[in-house]
Amino acid sequence: MPKDSKGVRLDHISKIYKDPKTGKDFYAVHDVSLDIAPGSFVTLLGPSGCGKTTTLRMVAGFESPDEGEIYLGGQPINELTPNKRDTAMVFQSYALFPHYNVFDNVAYGLKLRKVPKAEIEQRVKTILDLVEMGGMESRMTNQLSGGQQQRVALARALVVEPGVLLFDEPLSNLDAKLRVTMRTEIRRIQQKLGITAIYVTHDQSEAMSISDEIIIMKKGVVAQMGSPKDIYYHPTDEFVADFIGEANFIKGTVKGMQGKDCVVTVEGREVTVETDTPRNAGAEGEIVLRPEAIRIAPEGLLPCTVELSCFMGSYQNYHVRLTDGTLVKITDSCPLNKRVFEVGEHAAISFDKDCAHLL
């Protein structure tokens, strides 16, 4: 289980809706092309209205693309109804049958497929053990906690052995601690089974923790696709940098290239940073710096004044102001044996070139 994980390919797909207020057509998803490898865990991430759920629903068959073609395992599936596609969906609302017990909820899809009774019993038992719900077959769904209901919903999707498993914000109804537990469980099960998974969320920490690749969407188009590490340290623009984690943006002027690195002048001082593309001297740019990548000390690359100094246990949280007025946020780890700068003190920030990225 599963018998065969399948890849998913979206070839220039678009979805057009009509605005109920203006009566004009608009693209909810516009010219999206993706290639999702078999067995990978890919997350569609973005703010509300970016097109991520519409994209997922087109893969599932609940929406039809107005342009382009969707392929599952190399086969076009635009014309197939949801029940004819080798996919299964885990919904935000769980969508369990309240008048069925756990066993019957999980067995529902197998009964529709007319699987023999003995095989149904064996497969349901196996999948309930996998999601750590063994022994609870006779429980009614209203006797379960939110986390247990989510496990039953996951088991119901997995038991039919789909080629692709789809998740529509499955953890949004759970409390913060349980969300962390369940996302870890989902990733564990996905890796154990080797199943292809497409996951929709607006929670960037959730996406970072479980994904092989993240697809960031903005206004119906793909803003960037890559591994969590690539997107975090090499964002393509300010939207991506700001959406994934916390980021500082420091303006500077390119002085020139130094091999594959770029020398940038900031407040009259030269700093070296990474860049994906060569830059011409005199070009303006923004350096992206993550708070944990910045060091604060009495002396360094860029002088600053401390405006906030807050002990957070495992780190010291600073807000500092550069001489040009730019506010910079710093997460200084393990503050116990370090000098702590107080509000009003003058200091300086430094960073390694491979921790800075020029937009």
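The exercises below concern a predicted model and are each followed by a worked solution.

**Exercise 1.** Determine how helix α4 and helix α5 are oriented relative to each other, and state which residues make the contact.

*Solution.* Begin with the axes: those of α4 (residues 146-158) and α5 (residues 176-193) come within 11 Å and cross at roughly 20°. Next, apply the cut-off, by which angles under 35 degrees count as roughly parallel. The two helices α4 and α5 are therefore roughly parallel to each other. The handedness of their crossing is right-handed. On the α4 side, the contact is made by Gly146, Gly147, Gln150, Arg151, Leu154 and Leu158. On the α5 side, Leu178, Thr181, Met182, Glu185, Ile186, Ile189 and Leu193 take part. Finally, sorting the residues of this contact gives 7 nonpolar, 4 polar and 2 charged.

**Exercise 2.** Describe how strand β1 is joined to strand β2, and identify the residue with a positive phi in their hairpin.

*Solution.* First, strand β1 (residues 8-18) and strand β2 (residues 25-36) run antiparallel and are joined by 8 bridges. As one example of the pairing, isoleucine 16 has tyrosine 27 of β2 as its bridge partner. Then consider the hairpin, where 6 residues lie between the strands.

**Exercise 3.** Decide whether alanine 118 is buried or exposed, and state how far apart alanine 118 and leucine 358 are in space.

*Solution.* Alanine 118 belongs to helix α3 (residues 117-130). Its relative accessible area is 59%; exposed means over 50%, so alanine 118 is exposed. From alanine 118 to leucine 358 the separation is 240 residues in sequence and 61 Å in space, C-alpha to C-alpha.

Terms used. Residues are numbered from 1 along each chain as its sequence is written. This is a predicted model: local features need pLDDT of at least 70, side-chain atom pairs count only at pLDDT 80 or more; totals for chains, interfaces and linings use all residues. Side-chain values use heavy atoms; hydrogens and water are left out. Axes are lines fitted to C-alpha atoms, for helices over the stretch in contact, and angles run from 0 to 180 degrees between N-to-C directions. Helices (H or I, at least four residues) and strands (E, at least two) are DSSP runs, numbered from the N terminus. Angles under 35 degrees count as roughly parallel, over 145 as roughly antiparallel, 65 to 115 as roughly perpendicular and the rest as oblique. A crossing is left-handed if the near helix is turned anticlockwise from the far one by less than a right angle, and right-handed if clockwise. Contact means heavy atoms within 4.5 Å. Ala, Val, Leu, Ile, Met, Phe, Trp, Tyr, Cys and Pro count as nonpolar, Asp, Glu, Lys and Arg as charged, and the others, Gly among them, as polar. Two strands pair if DSSP finds at least two bridges between them. Buried means under 20% relative accessible area, exposed over 50%, partly exposed in between (1.4 Å probe, protein chains only).
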